[in-house]
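Dear colleague,

I am passing on the structure below, together with some notes on what came out of looking through it. Please read the notes with the structure open beside them.

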Amino acid sequence: MARSTGVLLAAAAVAALFLTQQSAFVPAGSVAAGAVGMASMPSWALGPEMALADAQMLLARVPGGKFAKAKDLTVPSPAEDGFTDSQIAFLIVIAGVLFVLAADFARNLNEGQNPTKFKEGKKGYMTPLIKRVIEQGF
């Protein structure tokens, strides 16, 4: 009984999770209707949120079809999309410096603070009472 209740609750939680998720793909009809609705309004009337969405819609358009073939529109993609050797070497140098700084910081945290580390000569003050206690051997 308890096991079936747990399974039922887990299934309900999974179902609720799936129902609350946004869909990754938008049906074709709603995109066309949304684009027509946005195109009929001026950009100043949309507000900053809608202007950003409109800019994303315009940037997401990939040329294709009869018009793109007639005008010879292509979207060139780079042969290799990545970092250069010098960028990687610079990154490794920066990571090495940060590692040394982090290791020094960890060592300082482990050892604790030493305020008299760089003092020369007399390194502190002893009160007469403490001096007498040490002389007495207590």
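The protein averages a pLDDT of 74, and 61% of its residues score at least 70, pLDDT being the predictor's confidence in each residue, from 0 to 100. This is a predicted model, in which local features need a pLDDT of at least 70 and side-chain atom pairs count only at pLDDT 80 or more, while totals for chains, interfaces and linings use all residues. Residues are numbered from 1 along each chain as its sequence is written, and side-chain values use heavy atoms, with hydrogens and water left out.

As for the overall make-up, the secondary structure comes to 6 helices and 0 strands, where helices (H or I, at least four residues) and strands (E, at least two) are DSSP runs numbered from the N terminus. Of the 138 residues in the protein, 2% are buried; here buried means under 20% relative accessible area, exposed means over 50%, and partly exposed lies in between (1.4 Å probe, protein chains only). The protein exposes about 13,100 Å², of which carbon and sulfur atoms supply 67%, the areas coming from the Shrake-Rupley method with a 1.4 Å probe, and for residues only the protein chains shown count as cover.

Helix α5 is hardly covered, with a count of 0 buried residues, and just after it G112 takes a positive phi of about 90°.

A search of the whole structure finds 2 salt bridges, each defined as a side-chain nitrogen of Lys or Arg within 4 Å of a carboxyl oxygen of Asp or Glu. In one, D104 pairs with R107, with the closest N and O atoms 2.4 Å apart; both residues lie in helix α5 (residues 85-111), 3 residues apart, or about one turn of the helix. In the other, R107 pairs with E111, with the closest N and O atoms 3.6 Å apart, and these two are 4 residues apart in helix α5, again about one helical turn. D104 is partly exposed at 32% relative accessible area, R107 is partly exposed at 42%, and E111 is exposed at 57%.

There is also a nonpolar patch on the surface, formed by F90, V93, I94, V97, L98 and L101, with about 590 Å² of accessible area together. Patches are made of residues with over 30% relative accessible area and no salt bridge, like charges being joined within 9 Å and nonpolar side chains (Val, Leu, Ile, Met, Phe, Trp, Tyr) within 5 Å. V97, one of the patch residues, is found in helix α5 and is partly exposed, with a relative accessible area of 45%.

Finally, helix α6 (residues 128-136) is hardly covered, with 0 buried residues among its 9, and just after α6 G137 takes a positive phi of about 90°.
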